[in-house]
Amino acid sequence: MALRKVNVTIPVEDREIDGVINAPCRSSWSGTAVVLTHGAGGDMNFHHLEKIASRLAQTGILCLRFTCRTPNFKYRVRCFERAVMFLHEYSDFSIQKCIIAGRSMGARVAAELATISSLTNQFIFGVACLSYPLHPQRRTHELRMSSIIHLGVPVLFVSGTKDTFCRRDLMENVLEKMGVNWTMHWVDNADHSLNINGKPNDEVIDLMCDWVVKWCQSVFMAER
């Protein structure tokens, strides 16, 4: 499938943030998109995000990645909202449905936005959370569940069984309390970066991309 990559700048209050759109030239998935961002460290070029964006575009789903380097949670939510609005209004593409997604802190930000945004169920139809940080490292009593427990759209989680920010039994207890359709994939022996034995694993990355793409397709087809 023919693809194109477009560099964009997204206005946010008194500044601009950088973004990249991976877009198919023609697609049976026309009108659908994923907006994707990184964790507390790094940027939109984190290799997992690049792989997912490329796979989505190859499948026919547009993907907008963006960089927002700040630990300020509320500000990152506002930045994510502006990125979604930018895509909603972008005249070069006609997007009717999107899924918002992120890794680590970016996943938590995406879930928070879906919980509070007026665009949810009108433009935002799902949330994909990679390595959702359910609690701070070694502080399992401080659960960060408010952003996900009140979600009103389908949600996908992908986490490693050795993720020190997401203890499996605690996450499964939270999932039981959720009132929306959720999908949970655990990667055996993977850490918070979905690395195994401290190293990236190509098979894990490929599997993660496959899970994300198929889940997004199912949401856009209203199967979830």
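Mentor: What follows takes the helix pair and then turns to the cysteines. The model is predicted, and the description below should be read accordingly.

Two packed helices are described by the angle between their axes and the distance between the axes. For helix H2 (residues 73-89) and helix H3 (residues 105-116), the axes come within 9 Å and cross at roughly 70°. Since angles of 65 to 115 degrees count as roughly perpendicular, H2 is therefore roughly perpendicular to H3. The handedness of the H2 and H3 crossing is right-handed.

On the H2 side, the contact is formed by Phe73, Arg76, Val77, Phe80, Glu81 and Val84. These residues meet Met105, Gly106, Arg108, Val109, Ala110, Glu112, Leu113 and Ile116 in H3. By class, the residues of this contact of H2 with H3 comprise nine nonpolar, one polar and four charged.

Turning to the cysteines, a search of the whole structure finds zero disulfides. Cys68 is in no disulfide, and its nearest cysteine sulfur, that of Cys79, is 3.4 Å away. Cys68 counts as buried because its relative accessibility is 1%, where buried means under 20%.

For Cys216, the closest cysteine sulfur is in Cys63, and the 8.7 Å between the two sulfurs is too far for a bond. Cys216 likewise counts as buried, because its relative accessibility is 1%.

How values were computed
Residues are numbered from 1 along each chain as its sequence is written. This is a predicted model: local features need pLDDT of at least 70, side-chain atom pairs count only at pLDDT 80 or more; totals for chains, interfaces and linings use all residues. Side-chain values use heavy atoms; hydrogens and water are left out. Axes are lines fitted to C-alpha atoms, for helices over the stretch in contact, and angles run from 0 to 180 degrees between N-to-C directions. Helices (H or I, at least four residues) and strands (E, at least two) are DSSP runs, numbered from the N terminus. Angles under 35 degrees count as roughly parallel, over 145 as roughly antiparallel, 65 to 115 as roughly perpendicular and the rest as oblique. A crossing is left-handed if the near helix is turned anticlockwise from the far one by less than a right angle, and right-handed if clockwise. Contact means heavy atoms within 4.5 Å. Ala, Val, Leu, Ile, Met, Phe, Trp, Tyr, Cys and Pro count as nonpolar, Asp, Glu, Lys and Arg as charged, and the others, Gly among them, as polar. A disulfide is a pair of cysteine sulfur atoms within 2.5 Å. Buried means under 20% relative accessible area, exposed over 50%, partly exposed in between (1.4 Å probe, protein chains only).
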